[in-house]
Amino acid sequence: MSVVGLLFLLMGAMAVGSALLVVTTARLVHSALWLVVTLGALAGCYLLLGAEFVAWVQILIYVGAVVVLLLFALMLTRAPTGVQTGLTTGNRVVAAATAGVVGLVLVTVVVAGFGGARVSVDEESVGSATSMGDAIFRHWVLPFEVLSVLLLAALVGAIVLSRGRASSGEETP
Amino acid sequence: MADALELALRLVLVLGAFLVLPLLVGQTEHKVMAHMQSRVGPMYAGGFHGWAQLIADGVKFAQKEDVVPAAADGAVFRLAPAVAMVPYLVVLVAIPIGPGLVGQELDIGLFFVLAVMGVGVLGTLMAGWASANKYSLLGGMRVAAQLMAYELPFVLAAVSPAMAARTLSLSGIVEAWEPWWLIWQLPGLVVFFVAGLAELQRPPFDMPVADSELVFGPYTEYTGLRFALFLLAEYAGIVVLAALTTVLFLGGWQGPFADQLGWLWSLTKIGVVALLVVWLRVAVPRLRADQLQRLAWQALVPIALFQLALTSAVGVWNG
């Protein structure tokens, strides 16, 4: 097995292991911090597969923004430093089964769709910013635009929801 | 083999820069602040203008007992200073200071730098939470609120020179830079610098650590070497911000005799920007929470978007 293959296995094991810790640890903030490890290991997998651009976007968006937002929300609500009891839901068996089935379906779909495809990781152009930009803005431009409209709609919706409460508060002083 | 040796040499040089430049900035801050505030500061250690005071401070930090509060979350508490500092070391690897003078040339250097810099925040948040101290927690929350507000204008402003240069490579951006960029990229430059200051929690954006009300916020419970690591991270952050401002907006190594003296131009520009950071600490009062948020969302974000529109328009105009 090549060095890259070995590193990939290691990163994959790290991602799965820390993901398990995210849902089993008894401290809420530790969950968020293990999530950082999971997302980082996933970025490492992308990097090893030659998808440089996706890897750094993963770090920038998920570790730099989403986890910070999560930690902020946790600090605002309740996050004692000690062990918390009752964090794990009573539905854990059902949840684990659902997660397992969803994972199985995803793996099946990916294997059925791309099982025979081979992409040489040594080619530098595979996951570079140039090839990503070309693909998104030429071939996939319509889905990209639809997604951006969806995000804009969500943004407007969030503003309307948060402002609606404020204005009704003003009406009844 | 020769390649590996060259890479090792480059990385050792980057490590050297990481160990020397932040200390230089720290020493400059001591001296420049003292003169700007018409006081002398420590003048005796080592003889000439108290140059050895920094070393004495280092020895003092190393001697102090390493205290972990009983209620703190030990592992996270101990890990936090490293998480705060290491990203800046990693970022320095990708910043070019001369033609070919770079730790490791990356095609998407800009993305790499922005992504890794974002990780450093986690160290401060971890410190704020794990200390089990209400001042620290308040500081941590202020850090998170401030960073969420300023990350957006920071990244938007950094995109503008990349669009103008049509590359994400930091060396490529410097090579494409022309003096007139100083004028039409000026709004982006201001937004980038101000948002960068806020990301570093430097005055006037030091509300999260506000020593007079929060007793140093997330770092209240830290002593000795771990506290020194946070200080070092702050100075390393100044170096990284100054270097990025230089590379993205000030033309890096470009200047007269750039072929021979390029690295000197880079270092000079970095030094001037770092000096400006120190100057602002002395000259500008701390912003309140509401002022912080208003500045970010109502001034910096619109200016950054305007700069992006301008850059696109000029880009399309030039074909």
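**Notebook: salt bridges**

I counted 7 salt bridges over all chains. The model I worked from is predicted. I kept in mind that side chains of opposite charge can pair when their charged atoms come close.

*Entry: B:Glu6 has 39% relative accessibility, so I noted it as partly exposed. B:Arg10 is partly exposed too, at 25%.

*Entry: B:Glu234 and B:Arg202.* I found a salt bridge here, with the closest N and O atoms 2.8 Å apart. This pair links distant parts of the chain, 32 residues apart. B:Glu234 sits in helix 10 (residues 224–249) of chain B. B:Arg202 lies in the loop between helix 8 (186–199) and helix 9 (211–214). Is B:Arg202 buried or exposed? I wrote down buried, because its relative accessibility is 0%, and the cut-off for buried is under 20%. B:Glu234 comes out at 21%, so it counts as partly exposed.

*Entry: B:Arg288 and B:Asp290.* I saw these side chains meet in a salt bridge at 3.0 Å, N to O. Which residues are joined into one network by salt bridges that share partners? I listed B:Glu29, B:Arg202, B:Glu234 and B:Arg281. Back at B:Asp290, I read 33% relative accessibility, which means partly exposed.

Definitions and conventions
Residues are numbered from 1 along each chain as its sequence is written. Chains are lettered from A and ligands numbered from 1 in the order in which they are written. This is a predicted model: local features need pLDDT of at least 70, side-chain atom pairs count only at pLDDT 80 or more; totals for chains, interfaces and linings use all residues. Side-chain values use heavy atoms; hydrogens and water are left out. A salt bridge is a side-chain nitrogen of Lys or Arg within 4 Å of a carboxyl oxygen of Asp or Glu. Buried means under 20% relative accessible area, exposed over 50%, partly exposed in between (1.4 Å probe, protein chains only). Helices (H or I, at least four residues) and strands (E, at least two) are DSSP runs, numbered from the N terminus.
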